[in-house]
Amino acid sequence: MKALLHLNDNIKTRGGFILNIDDKIKALEPCEKCQDIQIKKFSPLRELIDFEILNGEYMKCECGKRPLDIVMSHILKIMIEGGIVPEKATLRRNSPVPLSGFYYSSLNPQFIGEETLILLHPDFTADVASRLIGDVPEVKCVLKGSPQSTAGQLDKTSDINHFEILEGDDTQINVMRTLLGEKIVLIKNQSKHHIEVAMTTEEKLVRLHNYLNNNDVKKGIAIDGMCGLGALGIYLLKSGFEKVIFNDINPEMIEALKDNIEMNGICEGYEISNQAFEDLEIDNVDLCVIDAFPGVDVEEIVKKAEEMAGNVVII
Ligand SMILES: [Zn+2]
């Protein structure tokens, strides 16, 4: 019998510390005194704010949060002073990608608390990174790399790529609501993952949910063929599948996957496989779900999936 425990409000992370999800979600919201300030995105930042007064206290609310535009301005100021973007840099053209260290659903917080942002930019240097961590209270990690590049492992001929951690802790927690009424929590090291632009994992779960509702799929055995952190497979187990085979080519993903399966209260009903999808030797399963890297040719993958499974979903 499968033991599918409901995710508690308190979850235990890898470090063994207890994380209260509800507290973290609440902390994303502004307090009553938080005041929004918008900075023009297309004008050179130097013409908009006096750099002398733009420090870690500038425009900080008594609750400790600052408006996103102020935080991003502070970050851009340091990048301009560090000479990695032009003197006339604007928020629109020259900002790094700000990723939340704690991400809840599709919420994009406009007020930012301390040590919550992971920054990614191709031209970060060690000096700029050290100033960002030292001077901007909201920054928790600085990663060097291009948002378009593929962190992770594309296929069996390619190496495992990472974004380079220049400073800080790249742990990222993603809490997703699902149509099952239960949250799924994923924890990952952001340096090892590409940036999802097309669709969020939460949207992928909705797509999978709709597929299961609109098609007659036996909830027997399923394969999560390129599982990554395992969100889709975890979802299948929670929605009643007897067994899920999680597969990923990247051994680093397998380690993270094990943590995430455990963290979501799943104790049995699964197998883990660490190989290229095209090398899987499995057949007669009820469902195969594929969440391929962006830009990967899925034609061969679909052919292989159709040999193995009665139903194939490309997310
Ligand atoms: Zn406030």
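Author: In this predicted model, 5 strands are arranged as an open sheet in the order β16-β15-β14-β17-β18, and their pairing is parallel. The strands β16 (270–273) and β18 (309–314) each have a single partner strand and therefore stand at the edges, with one side of each left without a neighbour in the sheet. Averaged over the sheet and with direction ignored, neighbouring strands are turned by 15° against each other.

Reader: What makes β14 a covered strand, and which residues lie on its two sides?

Author: The label rests on burial, for which 20 or more other C-beta atoms must lie within 10 Å of a residue's own. In strand β14 (residues 221–224), Ile221 and Ile223 on one side are buried, as are Ala222 and Asp224 on the other, and both faces are covered. The strand β14 also pairs in the parallel sense with strand β15 (residues 243–247), over 4 bridges, and in β15 the bridge partner of Ala222 is Val244.

Reader: Why is Asn284 called exposed?

Author: A residue is exposed if 12 or fewer other C-beta atoms lie within 10 Å, and Asn284 has 9, so it is assigned to that class. Asn284 is placed in the loop between β16 and β17, and its phi is near 60°, a positive value in a residue other than glycine.

Reader: How many residues of β7 are buried, and which way do they point?

Author: In β7, 5 of its 5 residues are buried; Leu117, Leu119 and His121 point one way, while Ile118 and Leu120 point the other way. Strand β4 (residues 97–100) is joined to β7 by 4 bridges and runs antiparallel to it, with Leu120 as the bridge partner of Val97. Strand β8 (residues 139–144) is joined to β7 by 5 bridges and runs parallel, and here Ile118 stands opposite Cys141.

Reader: Why are α5 and α6 called oblique?

Author: The axes of helix α5 (residues 201–214) and helix α6 (residues 231–238) come within 10 Å and cross at roughly 40°. Angles under 35 degrees would count as roughly parallel and those of 65 to 115 as roughly perpendicular, so this pair is oblique. The crossing of α5 and α6 is right-handed, and the contact is made by Thr201, Lys204, Leu205 and Leu208 of α5 with Ala231, Leu232 and Tyr235 of α6. These residues divide into 5 nonpolar, 1 polar and 1 charged.

Reader: What is the angle between α2 and α4, and which residues meet there?

Author: Helix α2 (residues 68–81) and helix α4 (residues 126–135) pack at about 150°, with their axes 10 Å apart; angles over 145 degrees count as roughly antiparallel. The crossing of α2 and α4 is right-handed. In this contact, Ile75, Ile78 and Met79 of α2 meet Val128, Arg131, Leu132 and Asp135 of α4, a group with 5 nonpolar, no polar and 2 charged residues.

Reader: What makes Ile84 partly exposed, and what is Ile84 in contact with?

Author: Ile84 has 18 other C-beta atoms within 10 Å, and is therefore partly exposed, since burial would require 20 or more. Ile84 is placed in the loop between α2 and α3 (91–94), and, leaving aside its neighbours within four places in sequence, it is in contact with Met79, Asp123, Phe124, Thr125 and Val128.

Terms used. Residues numbered from 1 in each chain as written. Predicted model: local features only at pLDDT ≥ 70, side-chain atom pairs only at ≥ 80, totals over all residues. Pairing = 2+ DSSP bridges. Axes fitted to C-alpha atoms, helices over the stretch in contact; angles between N-to-C directions. Left-handed = near helix turned anticlockwise from the far one by under 90°. Contact = placed C-beta atoms within 7 Å. Nonpolar A, V, L, I, M, F, W, Y, C, P; charged D, E, K, R; others polar.
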